[in-house]
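Reader: I have a structure to read, and I am new to this. Can we go through it feature by feature?

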Amino acid sequence: ERPKRRPFMASSSKSVSWEWLDDYGWVPYSTDIAKSIEAARVSGTTFEFKHGSKRYVVDPKTLRQRNKKTGFRRKVRRVGGGGTKTVKSSTTMTKGTSKSDSDKAKGKSSPFCLPCRLQYKCPSSKSSIIDVKKITNYETIADPKSKQTLYDDTCKICMCDLDDEDMKPVVKLSKCVGHAFHLSCVEKAFQFSQKCPSCNYCYLLRGPQPSGTMDIRIDKYTKCAGYSCKTISISYSFPSGKQSYMHPSPGESYSGTHRYAYLPDNEEGNRVCRLLMRGFEHGLLFTVGQSVTTGVKNTTIWNGIHHKTSTSGGVSNWGFPDAGYFERVTNELASKGLFCEEFMAKEETARSKLKLKRQLSAEAKEMLSQSLTEESVKRMKLGALQSHLTARGLKRTGSKPVLVSRLCEAITASTPSSSSSSSLTTSTVKKSKEAAASTQKKTDKSKAASQSSKERTEKIIKINEKLAAAMKSGDREKIKALMRERTALTRT
């Protein structure tokens with residue numbers, strides 16, 4: 001029997017796939033066609049194939065597919081085919097190193113390395129993701145009373161004193177300022193929610209996203225409508241599997257999906273892309289449930305973060321142009337706890353300022369509690385003098401003799417003599433008596449005004465009765481007189 005002739009293939013062809021771009025996204029070729037295209041790429045030729053009644057020619061060099069009859073061209077791309085570098089974690093990133101990918105990465109405007117692949121693995125149990133020490137990086141406080149000006153006196157979870165011997169140790173979470181907790185209380189609370197029980201700072205974002213991958217690459221041939229820059233192409237792939245404890249029906253099967261999204265390769269698009277990458281790493285972009293469009297249950301669906309699945313068509317076709325899209329998607333991501341780097345930097349700066357302010361206020365209270373004399377002030381060094389003046393809200397500029405005299409004046413003013421204290425007491429008593437007399441006058445006036453208003457109301461009622469009787473009798477002169485009298489009363 002004549003041996004079968006095998007096509008010449010590259011050593012990495014088994015891990016290579018080829019895709020073509022239709023009107024809705026990238027579609028993979030069949031395995032046989034992909035192998036033939038890869039062989040044509042290695043040999044430097046084109047590949048021709050028939051699909052239905054149409055014939056197509058694929059040029060791996062120009063990455064184009066041409067219809068032989070109409071001449072219409074579509075884009076093709078090569079996926080995989082190089083070494084990978086994977087970081088071991090629940091979310092891993094894989095960077096392709098093929099020649100075509102590296103060529104695309106050159107000259108890019110994106111601040112992060114593209115193309116890249118993120119892999120997310122859904123946790124199977126609660127214990128596999130909750131490690132309080134790892135996610136909060138808490139600090140153990142040896143003596144809470146020594147820092148009671150920096151921390152609350154009680155634990156906000158159990159409402160017991162922080163220095164309770166049965167509840168120790170006491171810990172302070174790394175991103176929180178002004179409160180501390182018992183370690184046992186925090187460990188129990190974080191089993192239900194990974195937020196600070198006092199300030200609601202979120203230490204761990206973990207959503208109900210099933211296991212899958214997120215591929216991001218730059219497409220220099222496709223343009224988003226309304227933008228002249230390149231396009232960031234995002235593809236999500238979720239295989240079918242079993243639902244975990246985070247899904248509606250744990251243990252039951254769910255169906256996977258493939259989704260595509262597009263963003264312009266500019267400043268706004270890169271910022272949203274980074275947020276989407278963080279959202280995918282934390283499992284917040286997808287979930288398992290019932291599809292709104294198809295009605296299918298137990299399938300992979302969006303989790304409230306809107307994507308642009310088309311490069312054109314406007315808002316009605318989930319594409320560009322859309323003037324308010326970036327603001328809307330940023331707010332949606334913020335509702336999930338995902339913020340841009342600028343906002344996080346401002347929050348960290350504000351948190352550090354608040355911590356420094358609390359520390360300074362604690363030091364100021366300690367300094368104000370100290371008993372100082374003129375002799376001890378004169379023996380102080382320049383730094384100590386400036387610190388004491390700052391604690392009292394006084395100027396700390398000037399030479400040392402000026403600072404000494406300023407602090408001595410403040411000390412004498414804060415500790416008055418017995419004669420001055422007695423004079424102060426008599427003046428305060430006099431002022432309190434005057435205030436009491438003025439309040440009594442005001443109450444008397446209000447009572448008199450209420451009494452007069454009652455009398456006036458009664459008079460008006462009597463006049464109205466007389467006026468009704470005069471109208472029945474038809475006495476015009478009496479009606480006019482009563483009307484004048486009632487008008488005068490209402491004006492007063």
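Reader: What volume does the largest pocket have?

Author: This is a predicted model, where local features need pLDDT of at least 70, side-chain atom pairs count only at pLDDT 80 or more, and totals for chains, interfaces and linings use all residues. Residues are numbered from 1 along each chain as its sequence is written, and side-chain values use heavy atoms, without hydrogens and water. On a 1 Å grid over the protein atoms alone, a pocket is an open set of points with protein on both sides within 12 Å along at least five of seven lines. Its volume is the space filled by probe spheres set on the points, joined across faces, edges and corners. Here the largest pocket has about 650 Å³.

Reader: Which residues are closest to the centre of the largest pocket?

Author: Lining residues have an atom within 4 Å of a point. There are 21 here, and R259, T293, W302, T309 and W318 are the closest to the centre. Strand β16 (257–264) and β18 each give two or more residues. Strands are DSSP runs of E, at least two residues, numbered from the N terminus.

Reader: Is S291 buried or exposed?

Author: Buried means under 20% relative accessible area, with a 1.4 Å probe and protein chains only; exposed means over 50%. S291 has 12% relative accessibility, so S291 counts as buried. S291 lies in the loop between β17 (286–289) and β18 (299–302).

Reader: In what order do the 6 strands of the open sheet run?

Author: Two strands pair if DSSP finds at least two bridges between them. The order is β2-β1-β6-β5-β4-β3, with antiparallel pairing. β2 (26–28) and β3 (47–51) stand at the edges, each with a single partner strand, so one side of each has no neighbour in the sheet.

Definitions and conventions. Helix = DSSP H or I, 4+ residues; strand = E, 2+ residues; numbered from the N terminus. 1 Å grid on protein atoms, 1.4 Å probe; cavity = no way out; pocket = protein on both sides within 12 Å on 5 of 7 lines; lining within 4 Å.
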